[in-house]
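Please keep the sequence and the structure in view while reading.

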Amino acid sequence: MRDRDIYNLLGLSFDAVDMDGTVQAVLDAIAEDRKLFLSTPNLNFLIASLTSENFRNSVLNSDLSVADGMPIVFMCKLLDIPIKERVAGSSLIDELRSNEACIKKPIKVFFFGGQDGIAQKAHDILNREQGGLRSVGYLNPGFGTVTDMSTNEIIDQVNKAAPEFIIVSLGAKKGQAWIESNRTRLKANVISHLGAVVNFIAGNVKRAPRWVQKMHMEWIWRIKEEPALFKRYVNDGTIFLKLMFTKILPYRRIIKNYNVHSTPTIKPDHKNYCIEFKGDLTKDIRSQLQEILEENVESKMDITFNMAGVTYIDQAILGLFLRYCAAKTRSGHKIFIIELSEPIRRIFELNNLNYLI
């Protein structure tokens with residue numbers, strides 16, 4: 001998905017895509033027999049990514065990353081990131097269940113994980129309703145490690161069911177790690193960790209009514225249904241407020257005060273695997289920069305970004321940097337970002353991108 005409209009938010013990448021676009025991405029991946037690793041980061045994902053490099057990388061390595069949570073959408077609004085709609089994983093599944101094209105030709109899904117008996121119940125319910133999703137199987141791998149859940153026998157069992165969409169429910173960190181470890185071995189087109197979905201389909205947990213969702217109060221309903229979530233929500237809320245005052249609002253001031261508009265230049269040095277940047281790096285140059293990066297990302301060399309002449313950098317370019325840093329890391333190489341001025345270094349720090357510099 002070369003033309004992804006991707007942005008950085010506090011060190012995670014998010015695609016500026018709405019529910020309709022996400023549904024279409026799933027349908028296209030299946031119709032075109034392509035792989036789609038879909039991540040649905042919410043506030044809890046974002047917070048976990050601050051302390052776990054592997055978890056952060058699992059989102060950065062996704063083929064599509066959508067904003068599942070109003071706190072994410074709210075922060076995007078403050079930072080002028082054009083993500084205006086929450087795309088919840090559970091809502092995505094509801095859309096696919098009622099999608100007319102899917103009802104005519106149901107998507108074959110497989111439930112991986114979930115509590116004992118819940119996945120089977122979800123499996124039975126989907127197949128009784130004759131909607132847009134048809135379950136072709138389920139498997140509870142137990143409570144072992146990711147390695148324990150990645151044996152040839154387990155992967156073969158999933159593949160033999162021939163699903164088009166694997167719904168993983170193992171807990172966010174373990175689920176993302178399992179997908180990362182096995183995505184090349186799994187034959188399904190679409191795979192995503194959608195932790196609460198199996199419970200919602202099975203009716204083990206009731207989802208909030210539409211009017212509660214529209215008021216952005218679904219988290220209160222979730223606590224009513226699952227009291228054990230209260231502690232997590234309090235912790236996440238506390239960290240959210242800290243991030244607002246220490247990261248988001250200070251960066252918002254920088255964005256609102258930006259008015260330099262220095263003409264950007266990008267000078268690639270293919271011989272020395274270095275790219276020199278000058279001026280204001282904004283979304284206007286993203287296509288040009290993307291072409292240059294794609295020429296270099298496959299090279300079997302580390303690449304250096306010289307930022308000595310950079311006067312500003314926005315979320316679109318930071319998102320592109322994240323995407324290609326992840327691509328180079330997957331290939332066993334790195335991108336070194338050097339010669340940052342103090343204002344640009346400050347932008348990286350406020351965006352939790354210190355590890356890149």
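**Helix H8 and the sheet**

In this predicted model, the buried residues of helix H8 are covered by elements that include strand E5 (107-113), strand E6 (133-139), strand E7 (165-169) and helix H9 (172-182). Helix H8 itself spans residues 152-160, and its buried residues are Ile 154, Ile 155, Val 158 and Asn 159. These four residues lie on the same side of H8, because the arc they cover around the axis is only 130 degrees. The spacing follows a general rule: an α-helix has 3.6 residues a turn, so residues three or four places apart point the same way. On the face of H8 turned away from the buried side, the exposed residues are Asn 152, Glu 153 and Lys 160. Just beyond the end of H8, Ala 162 adopts a positive phi of about 55 degrees.

Strands E5, E6 and E7 belong to an open sheet of six strands, which are arranged in the order E4-E3-E8-E7-E5-E6 with parallel pairing. Strand E4 (64-65) and strand E6 are the edge strands, each of which pairs on one side only.

Elsewhere in this order, strand E3 (residues 36-39) runs parallel to strand E8 (residues 190-193), and three bridges join the two. Within this pair, Leu 36 is placed opposite Val 190 of E8.

Terms used. Residues numbered from 1 in each chain as written. Predicted model: local features only at pLDDT ≥ 70, side-chain atom pairs only at ≥ 80, totals over all residues. Heavy atoms only, no water. Buried < 20%, exposed > 50% of the residue type's maximum accessible area, 1.4 Å probe, protein only. Arc of directions from axis to C-beta. Contact = heavy atoms within 4.5 Å. Pairing = 2+ DSSP bridges.
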